[in-house]
Amino acid sequence: MRRKMVAGNWKMNMNFQEAEELLDELVDRLDKELEGHDVDVVVCPPAPYLEMAYDLGTSEEDENQVYFSVGAQNVNEHDKGAYTGEISASMLASMNVEYCIVGHSERRKYYAESNQQVARKVEILLQNEIVPIVCCGESLEERESGNHFKVIEKQLAESLFQLKPLDFARLVIAYEPVWAIGTGKTATPAEAQEVHAFIRNLIQEKYGKEMARQTTLLYGGSCNAATAPELFACPDIDGGLIGGASLKADDFIRIINAFE
Ligand code: PGA
């Protein structure tokens, strides 16, 4: 179902103590400032901190009081077995992980993650009742050569459009232009909105109008407290996948507050 959402992708940052401090501060601020807000907040810390994030993000007195949901940054596409160093979807599910980022451009670039591998990861996550946050987006070269729409269409067609409607309905898509990630160069609201509308249209062609209307689409790439309000005001942008700015509680809270 379409929701307002802000997800923090911590990437490979923070030692254990720093992570604990940031999570504590987030809980404190969310408790005080955002009571009754209707934004889904997700924190995606490095894997060793997932359990701590779940424990701190859920009230000790009331299990239903959840300050934020917990997401992983990656998952292995296999069920289980001899894959040293890897983490399976069922392990994540058994630790109350509700979301998992898939197909981030850094994984595509440094670990050669293909659209086909993304498709398998999405499927195994859905089998384990974890919501995939599936990233797509073009490089600077692809944008400058005017190929960005084609690139995004291929990414979605090869990694998601094999899904049955009931499965597709459970995922979240993040548009993250690679040239905007970690560069301080946010896409303009007009540039982001144009691609989001394009993605919604692709979903409509494949799955129909209602599915397009109900899919949550996030923007990611140097989104911060200053740029979030204008981005989130765009009709097809439902929130953000936030890297650098999710590492400071104050910035992250201001981004959660950026919806009109
Ligand atoms: P950034 O990262 O906000 O630091 O650009 C976003 C992301 O990679 O998810």
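This is a predicted model: local features need pLDDT of at least 70, side-chain atom pairs count only at pLDDT 80 or more; totals for chains, interfaces and linings use all residues.
**Exercise 1.** Find where Lys11 sits in the chain, and then look at its phi angle.

*Solution.* Next, recall a general rule: most residues other than glycine have a negative phi. Now check the angle: Lys11 is not a glycine, yet its phi is positive, about 55°.

**Exercise 2.** Is Met14 buried, partly exposed or exposed?

*Solution.* First place the residue: Met14 lies in the loop between S1 and H1. Its phi is positive too, at about 85°, although Met14 is not a glycine. Then take the relative accessible area, which is 23%. Buried would need a value under 20%, and exposed one over 50%. Met14 is therefore partly exposed.

**Exercise 3.** Describe the largest pocket and its lining.

*Solution.* Begin with the space inside, about 620 Å³. Sort the lining by class to get eleven nonpolar, six polar and four charged residues. Finally, ask which helix gives the most to this lining: helix H4 (residues 105–110), with three residues.

**Exercise 4.** Explore the largest nonpolar core, using Phe232 as your guide.

*Solution.* This core has 73 residues, and Phe232 is one of those with the most contacts inside it. Helix H9 (residues 189–207) supplies the largest share, seven residues. Apart from this core lies another, of twelve residues, including Met5 and Val42. Now zoom in on Phe232: leaving out residues up to four places away in sequence, its contacts include Val6, Cys223 and Phe259.

Definitions and conventions. Residues are numbered from 1 along each chain as its sequence is written. Side-chain values use heavy atoms; hydrogens and water are left out. On a 1 Å grid over the protein atoms alone, a cavity is a set of points where a 1.4 Å probe fits but cannot get out, and a pocket is an open set with protein on both sides within 12 Å along at least five of seven lines; lining residues have an atom within 4 Å of a point. Grid points are joined across faces, edges and corners, and a volume is the space filled by probe spheres set on the points. Helices (H or I, at least four residues) and strands (E, at least two) are DSSP runs, numbered from the N terminus. Ala, Val, Leu, Ile, Met, Phe, Trp, Tyr, Cys and Pro count as nonpolar, Asp, Glu, Lys and Arg as charged, and the others, Gly among them, as polar. A nonpolar core is a set of buried Ala, Val, Leu, Ile, Met, Phe, Trp, Tyr and Cys residues joined through side-chain atoms within 4.5 Å. Buried means under 20% relative accessible area, exposed over 50%, partly exposed in between (1.4 Å probe, protein chains only). Contact means heavy atoms within 4.5 Å.
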